[in-house]
Amino acid sequence: MDDSKKENFLNTPNLLAQSLIALANTSASIDWNGMRNVALTLSSAFSEIDKSTEKFTENLVRIITTFSDQIKQIHLPGYSDEEKQKFIESFRLWGSYGWTPPPDMPFFLFASAPQNQKTANSTFAPYCKNSYLYSLFEKIASESRVHLSDFNVAKQCFLQKNYKSCAQMLFSLIDGVYLRIQPSINENNQWRKAGKQGVTRLKSTLDKSTQEQWLFSRLLNINLTSCLYALYESHQGFQNEPINIINRNFIMHGMGHRKVLRRDCVQLFLLYYNMLVRTRAIPYRR
């Protein structure tokens, strides 16, 4: 991003608008005129809200509508198909190592593929600190579809260092998300599917819901399903339990021998958060 664009962007009269400058470091090819228009719209609308609480609802609706319309104009025109494919592979690889985006993740975090599991884990070390996790817990608890009582049990187990119990509870919460978006019985007279088959159904639903959305949304779905496939991988006869990453089938069926780590639980908290976020627009079924 050149200096003139950065200076103009910083001159927008609102701290919320200024905070978008973080996105400037992701790519010089972003449509900066579109981004600045979004920032100015947000600044103007929030200023009106400050002046009159009576207009709060009206302006909030306008903010959301305008933001939704204009954010679609922000795209990545400077990236070639080859570069986009590299992004796809990078997001997929991060998921295969068990990592999904923390809230407000900077794009560059997943823009480059990690060399190995150890590198991926070390990159996420700042997001494993208690100070960050408390913030993550608050964000999860604020989600409208969170199963709050079970989530609180998982959180309490984590704080008490009962990591295996924490992981089991989190896996059950994650299962509940993809199961609830499935019909109890579908058009082929098939019942809800759990485990890897349930993940495949979730992937199909996410693919349909974002097929016309911008690249970043599709990348997030690729990362999410890649992580789920890694954690839900089937092993015939419960042989060869993975060492570097937790496996849902071993731990939920009482066949695991690998020690459950604090890091495993952090990965699962992030996964649960992303499951809730990525499925917000998908209706739950009875």
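# An all-helix chain, talked through

Author: Read along the sequence, this predicted model runs α-α-α-α-α-α-α-α-α-α-α-α-α-α.

Reader: How many helices and strands in the protein chain?

Author: The count is 14 helices and zero strands.

Reader: What share of the residues is buried?

Author: Of the 286 residues in the protein chain, 43% are buried. The accessible surface comes to about 15,600 Å². Carbon and sulfur atoms hold 51% of that surface.

Reader: And contacts between residues 24 or more positions apart, what percentage do they account for?

Author: They make up 61% of the contacts with a separation of 6 or more.

Reader: Now the largest nonpolar core. Which residues touch the most other members?

Author: Leu 231 and Phe 269 do, in a core of 62 residues.

Reader: Which element gives the most to this core?

Author: H14, with eleven residues. Other elements that give two or more include helix H5 (81-96), helix H10 (163-180) and helix H12 (215-231).

Reader: Back to Leu 231. What does Leu 231 touch, not counting residues up to four places away in sequence?

Author: Gly 98, Phe 171, Ile 245, Ile 246, Asn 247, Arg 248, Leu 268 and Leu 271.

Reader: Switching to aromatics. How many aromatic pairs in the whole structure?

Author: A search finds 17. One of them is Phe 171 with Tyr 232, ring centres 5.9 Å apart.

Reader: Why is the pair of Phe 171 and Tyr 232 called edge-to-face?

Author: Because their planes stand at 80°, and the cut-off for edge-to-face is over 60.

Reader: Where do Phe 171 and Tyr 232 lie?

Author: Phe 171 is in helix H10. Tyr 232 is in the loop between H12 and helix H13 (248-252).

Reader: Is Phe 171 buried or exposed? Tyr 232, buried or exposed?

Author: Phe 171 is buried, at 0% relative accessibility. Tyr 232 is also buried, at 0%.

Reader: Which residues do ring pairs link into a cluster?

Author: Phe 91, Trp 94, Trp 99, Phe 110, Phe 124, Tyr 127 and Tyr 132.

Reader: What sits over the ring of Tyr 284?

Author: The charged end of Arg 145, 3.9 Å from the ring centre.

Reader: Next, Asp 264. Where is Asp 264, which helix?

Author: Asp 264 lies in helix H14. Its relative accessible area is 0%, so Asp 264 is buried.

Reader: What joins the side chains of Arg 258 and Asp 264?

Author: A polar contact of 2.9 Å. Arg 258 is in the loop between H13 and H14.

Reader: Why does Arg 258 count as buried?

Author: Because its relative accessibility is 15%, and buried means under 20%.

Reader: What else is Arg 258 in contact with, leaving aside neighbours within four places in sequence?

Author: The list includes Glu 241, Pro 242, Ile 243, Asn 244, Ile 245, Ile 246 and Arg 263. Asp 264 also touches Ile 246, along with Arg 258 and Lys 259.

Reader: Last topic, backbone. What is phi of Lys 161?

Author: About 65°, positive although Lys 161 is not a glycine. Lys 161 is in the loop between H9 and H10. Its relative accessible area of 62% makes Lys 161 exposed.

Reader: And what is phi of Asn 240?

Author: Near 60°, again positive in a residue other than glycine. Asn 240 is in the loop between H12 and H13. Asn 240 is exposed, with a relative accessible area of 67%.

Key
Residues numbered from 1 in each chain as written. Predicted model: local features only at pLDDT ≥ 70, side-chain atom pairs only at ≥ 80, totals over all residues. Heavy atoms only, no water. Helix = DSSP H or I, 4+ residues; strand = E, 2+ residues; numbered from the N terminus. Buried < 20%, exposed > 50% of the residue type's maximum accessible area, 1.4 Å probe, protein only. Contact = heavy atoms within 4.5 Å. Areas by Shrake-Rupley, 256 points an atom, 1.4 Å probe, with all protein chains shown as cover. Core = buried A, V, L, I, M, F, W, Y, C linked by side-chain atoms within 4.5 Å. Phe/Tyr/Trp six-rings, centres within 6.5 Å; stacked < 30°, edge-to-face > 60°. Lys NZ or Arg CZ within 6 Å of the ring centre and 35° of its normal. Polar contact = N/O pair within 3.5 Å; in protein donor to acceptor, adjacent residues only side chain to side chain.
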